[in-house]
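Hi,

Here is the structure I promised to pass on to you.

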Amino acid sequence: MRTQVAIIGAGPAGLLLGQLLHNRGIDNVILERQTGDYVLSRVRAGVIEQVTMDLLDEAGVGGRMHADGLVHEGVQICVDGVRHRISFKEMTGKTVMVYGQTEITKDLMDGRAAVGAPTVYAAQDVALHDIFSSKPRVTYRAEGKAEEIECDFIAGCDGFHGVSRKSVPPAAIATHERVYPLGWLGILSDTPPVSEELIYVRHPLGFALCSMRSPTRSRYYIQCSLAEDIESWPDDRFWEELKPRLDDEARERLVTGPSIEKSIAPLRSFVAEPMRFGRLFLAGDAAHIVPPTGAKGLNLAASDVRYLSRALVEHYAEKSDAGLDHYSERALARVWKAERFSWWMTTLMHKISDNSFDQKIQLAELDYLFRSKAAATVFAENYVGLPY
Ligand SMILES: Cc1cc2nc3c(=O)[nH]c(=O)nc-3n(C[C@H](O)[C@H](O)[C@H](O)COP(=O)(O)OP(=O)(O)OC[C@H]3O[C@@H](n4cnc5c(N)ncnc54)[C@H](O)[C@@H]3O)c2cc1C
C-alpha cells in the first residue's frame, strides 16, 4: 500500500489530522492498535479551548459540538469550603466548551467514515522503518496478515505508550519528566451536575473536581494515592470521600447515583524534544503529557495538529518545507507554556505534602488569585488557551 501520510493512532490527534489532511486532498491511512469500540469507550477530556473548536469546524465535524456542547464563561474555585468565581469572559472575552472527548472521537470517526478515508483498527505489531530516509515505511499485521505502507511522512499520534516515540534513536531525543505522587479517581454518573460551572476544590483532605458532560451527566474526581485499587472504591465510598471536600451549597445540591465508569489516572508532566525526527512527526500525547488539572492535554494535541496539518499542506500545495522545518519549535513553544500552567495548577490545588509551609503558600497564592485582577487575568488567559 502507498499513501502520502501514514498516521499512527486513532485518538483525537490522529483522527483530527487525518480529517484535515483529507479535506485538503492529502491521502492518509490511520493505523490503530485497538478496536473502534475500545477507542470510543475511553472517558477522558471534557473541556475544550476555542482552538480545538475551530479545528473541529475546519474538519467539518463541529455540528454536534455546537448543538450539544456547553459554553462555559467562567470557573469556580472552592478553597476550604468557600467558593470563588473567575470569569473568563470578563478577563479575556473568551469562553471554553464542555464537550466530551468520547463525543469528539465519535464525530471524527463518523466524519472519516463518511468520506471513506481508510482506518485500520486492531492493527498489531506496528513498526516504523527508515524514518530518516526519503521513503519511510510502516509495517503491521492485520487479521493475521503482514502488511506494509510506503509513505512520504509518518505522523506519530499514538499517545504516551505508543510505538512512534520509542522508534527514535535514544541519542536523538531528550525527555523531561515530573511524576506526581498522586492520581485522580474519577467517576461518571447519570446525575445532574452539582453546578453549572466546573468547581475545582482545594481542601485539606485533598483535591476534588466537579465537572460534567451534559445537563444530566456528571464527572467527579477526587485526589487519591497511586497505590489505590479501583476495586476497593465502591460508589458509596467515593461519594462519602467527595462530600466533605465541597462547600455547603454544593454538598446540599449533590445528587449521587451509580457510576457508569470509574477509573484512576496517574498525574504526570512529560515532554519529549524535538517533535520531528527526519520524516517522523510526533503530535499530542506521543510527545507530551500534562496532569489533567489545567484541561490542556486534548487541546495541546489539537494545537500540534493545527501546526502539522498546515505544514503538510504547505509542503504539498506550495512546495515549501518552511512549516515542516519549524514544526517542532512552534509546537514546543506552546507545549511548554501549557506544561507550566498545568504544573502550576496541580501544585496549587492538590495536597502534595504535609509540609505546613507548602500549604500556607498555596493559600496565599489562591488568596492573591481572588483579589488581584492581574492574577485572575493570567489564570483566565491560560485556561481558555494562549494565542498562537
Ligand atoms: C482523567 C483524564 C482527564 C483529562 N481531561 C482533559 C481535559 O479536560 N482537557 C484536555 O484537553 N485533556 C484532558 N485529558 C488529556 C487527553 O485525554 C489526552 O491528552 C488526549 O487523549 C491526547 O490525544 P492523543 O490523540 O494525542 O492520544 P490518545 O488519546 O492517547 O490516542 C492515541 C491512540 O494511539 C493508539 N496507539 C497506541 N499505541 C499504538 C500502536 N503501537 N499502534 C497503533 N496505535 C497505537 C491508542 O490506542 C490510541 O487510540 C485528560 C486525560 C485524562 C486521563
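Below is what turned up around the ligand, in the nonpolar cores and among the salt bridges. Please keep in mind that this is a predicted model.

Let me begin with the ligand. The shell around the ligand holds 33 residues, and those that come nearest are Glu32, Arg42, Gln101, Asp285 and Leu298. In the side chain of Arg44, an N or O atom sits 2.9 Å from an oxygen atom of the ligand. The backbone takes part too: an N or O atom of Val47 is 3.4 Å from a ligand oxygen, and one of Gly297 is 3.2 Å from a ligand nitrogen. Taken alone, the ligand would expose 1000 Å², and the protein buries 90% of that. Two elements, helix H1 (12-23) and H9, each give two or more residues to the shell. H9 supplies the largest share, with 4 residues.

Nonpolar side chains in soluble globular proteins tend to be buried together. Here the largest nonpolar core has 74 residues, and Leu16, Leu31 and Ile48 touch the most other members. Helix H9 (residues 297-318) gives the most to this core, namely 11 residues. If you click on Leu31 and skip its neighbours within four places in sequence, you will find it in contact with Ile7, Ile8, Gly9, Val120, Ala123, Val126, Val138, Tyr140 and Ile149. Another core, of 32 residues, lies apart from the largest one; Met212, Leu348, Leu366 and Tyr383 are among its members.

Now for the charged pairs. The whole structure contains 24 salt bridges. One of them joins Glu148 to Arg137, with the closest N and O atoms 3.0 Å apart. Glu148 belongs to strand S11 (residues 145-150) and Arg137 to strand S10 (residues 137-142), so this pair ties together parts that are 11 residues apart in sequence. Both ends are partly exposed, Glu148 at 34% relative accessibility and Arg137 at 23%.

Lys243 and Glu240 form another salt bridge, at 3.2 Å from N to O, and Lys243 is partly exposed at 25%. In the bridge between Asp354 and Lys351, the N to O distance is 3.6 Å. Asp354 is exposed, with a relative accessible area of 66%, whereas Lys351 is partly exposed at 33%.

Terms used
Residues numbered from 1 in each chain as written. Predicted model: local features only at pLDDT ≥ 70, side-chain atom pairs only at ≥ 80, totals over all residues. Heavy atoms only, no water. Salt bridge = Lys/Arg side-chain N within 4 Å of Asp/Glu carboxyl O. Buried < 20%, exposed > 50% of the residue type's maximum accessible area, 1.4 Å probe, protein only. Core = buried A, V, L, I, M, F, W, Y, C linked by side-chain atoms within 4.5 Å. Contact = heavy atoms within 4.5 Å. Near = heavy atom within 4 Å. Polar contact = N/O pair within 3.5 Å; in protein donor to acceptor, adjacent residues only side chain to side chain. Areas by Shrake-Rupley, 256 points an atom, 1.4 Å probe, with all protein chains shown as cover.
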